[in-house]
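Keep the viewer open as you read.

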Amino acid sequence: MSQQEFLDLIKTHQPLIHKVCHLYGQTPMDKQDLFQEIIIQTWKAYGSFRGESKFSTWLYRIALNTAISTYRKNKRIISTTAIDGLPVDLAEQDYDFAKEEKLKQLYTAIAKLTEVERAIVMLYLDDKSYEEMEEVLGINQNNLRVKMNRIKDKLRQLTKNEVYGTG
Amino acid sequence: MELDNLKEIWNEVGSNPVQSNNNEQIAEMLNKSSQSPIAKMKRNLRWELITVILLFAPIAIFYFFAFEGKFSVIAWMYIGLLIFFAAYFYYKNKLLSEMQCAACMVKSNLELQVKTLEKLVHFYLIAGTLMVPLLMIWLWLILYNRLPSVQNSFHFWPSSEVSFLKTGLAWTVILLFFSIIFYYINKWYIHKLYGRHIAKLKSILNEMEQE
């Protein structure tokens with residue numbers, strides 16, 4: 001497997017890595033460091049990729065493993081505003097106010113979830129089936145369903161006073 | 001608004017690049033060193049090994065050739081110490097290499113990390129505590145060989161005045177005293193180094209297992 005093949009695969013699946021970085025990194029610098037670390041870890045493991053699972057499933061595992069356990073920062077300060085959690089260049093883009101506001105609120109709420117809950121929400125928002133979630137996280141599907149319902153309730157509670165809350 | 005309704009916005013905006021990354025920039029990243037704690041520990045371990053070799057090997061060589069080889073026993077003792085450190089580094093490196101399975105399911109990777117970290121901590125505690133009596137005995141042997149005058153001193157060797165039992169007992173008490181003290185110092189230090197990290201990993205695992 002060549003480096004070029006790897007770069008092509010990463011190019012196709014980069015959005016997945018960026019999502020993980022936005023969810024687990026606190027500052028722009030954090031997110032860039034995490035992005036680089038995920039790329040390095042993926043490259044190191046690439047030789048062992050046998051195609052037994054989809055590349056995206058495999059990449060989710062590496063990205064989440066790196067974000068949750070390998071690259072965990074000691075000082076985890078959960079921000080009370082959405083600013084730290086927002087994609088860096090959001091302001092530069094031409095989104096309507098309502099969309100931006102919704103996403104801000106979503107990031108604010110997600111930032112208050114635990115590392116595991118964040119991973120579940122990300123996979124859920126990425127439209128992954130519970131079977132795929134189990135393949136990535138190693139949590140059984142029934143448990144994932146219970147957790148997802150709890151997370152939805154939690155997010156409703158966290159955003160119930162917001163205009164675009166999930167409640 | 002339900003979470004499901006946010007999927008579209010999430011896919012649209014959530015994947016905004018954290019920085020602009022073209023193929024060349026990503027190719028550059030592949031040559032950089034990992035900054036993960038495990039990678040850092042491995043790099044530190046390599047430096048520790050180089051330092052130990054640079055410190056002890058010249059001394060061993062010196063005693064092999066100086067004084068017409070009269071003190072070659074000391075050279076062998078330094079070589080023994082080097083072998084001890086080599087075994088220590090080998091085992092620690094092995095544990096660090098086993099600690100991570102980046103492509104495994106998140107839960108299995110966490111279980112692996114906790115298990116290996118606990119093994120490493122246990123190894124540190126045993127090696128760190130054992131090192132104290134071993135180094136003291138080693139130092140004792142060096143002094144005994146380098147300073148023949150002390151061979152007649154009852155502090156170092158049983159003599160006609162002091163029985164083997166008394167000297168042995170005194171040394172056992174000294175060794176035990178320092179070993180116990182260092183056991184607790186090591187325990188405190190290891191907990192300071194890894195305690196919080198292990199506790200955090202365990203709490204994530206617990207959360208994953210809980211229904």
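H4(A) has 15 residues and spans 21 Å from its first C-alpha to its last, close to the 21 Å expected at 1.5 Å a residue; the expected span is 1.5 Å times one less than the number of residues. Helices here are DSSP runs of H or I with at least four residues, strands are E runs of at least two, and both are numbered from the N terminus.

A word on ground rules: this is a predicted model, in which local features need pLDDT of at least 70, side-chain atom pairs count only at pLDDT 80 or more, and totals for chains, interfaces and linings use all residues. Residues are numbered from 1 along each chain as its sequence is written, chains are lettered from A and ligands numbered from 1 in the order in which they are written, and side-chain values use heavy atoms, leaving out hydrogens and water.

Which residues of H4(A) are buried? Among them are Leu103(A), Leu106(A), Tyr107(A) and Ile110(A), where buried means under 20% relative accessible area with a 1.4 Å probe, protein chains only. Their cover includes H1, H5 and H7 of chain A, together with H1 of chain B.

Now follow H4(A) to H5 (residues 115–125) of chain A: the two pack at about 145°, with axes 10 Å apart. Axes are lines fitted to C-alpha atoms over the stretch in contact, and angles run from 0 to 180 degrees between N-to-C directions. Leu106(A), Ile110(A) and Ala111(A) of H4(A) meet Arg118(A), Val121(A) and Leu125(A) of H5(A), a contact being heavy atoms within 4.5 Å.

Stepping back, chain A holds seven helices and zero strands, and 57% of its 167 residues count as buried.

Terms used:
Buried means under 20% relative accessible area, exposed over 50%, partly exposed in between (1.4 Å probe, protein chains only).
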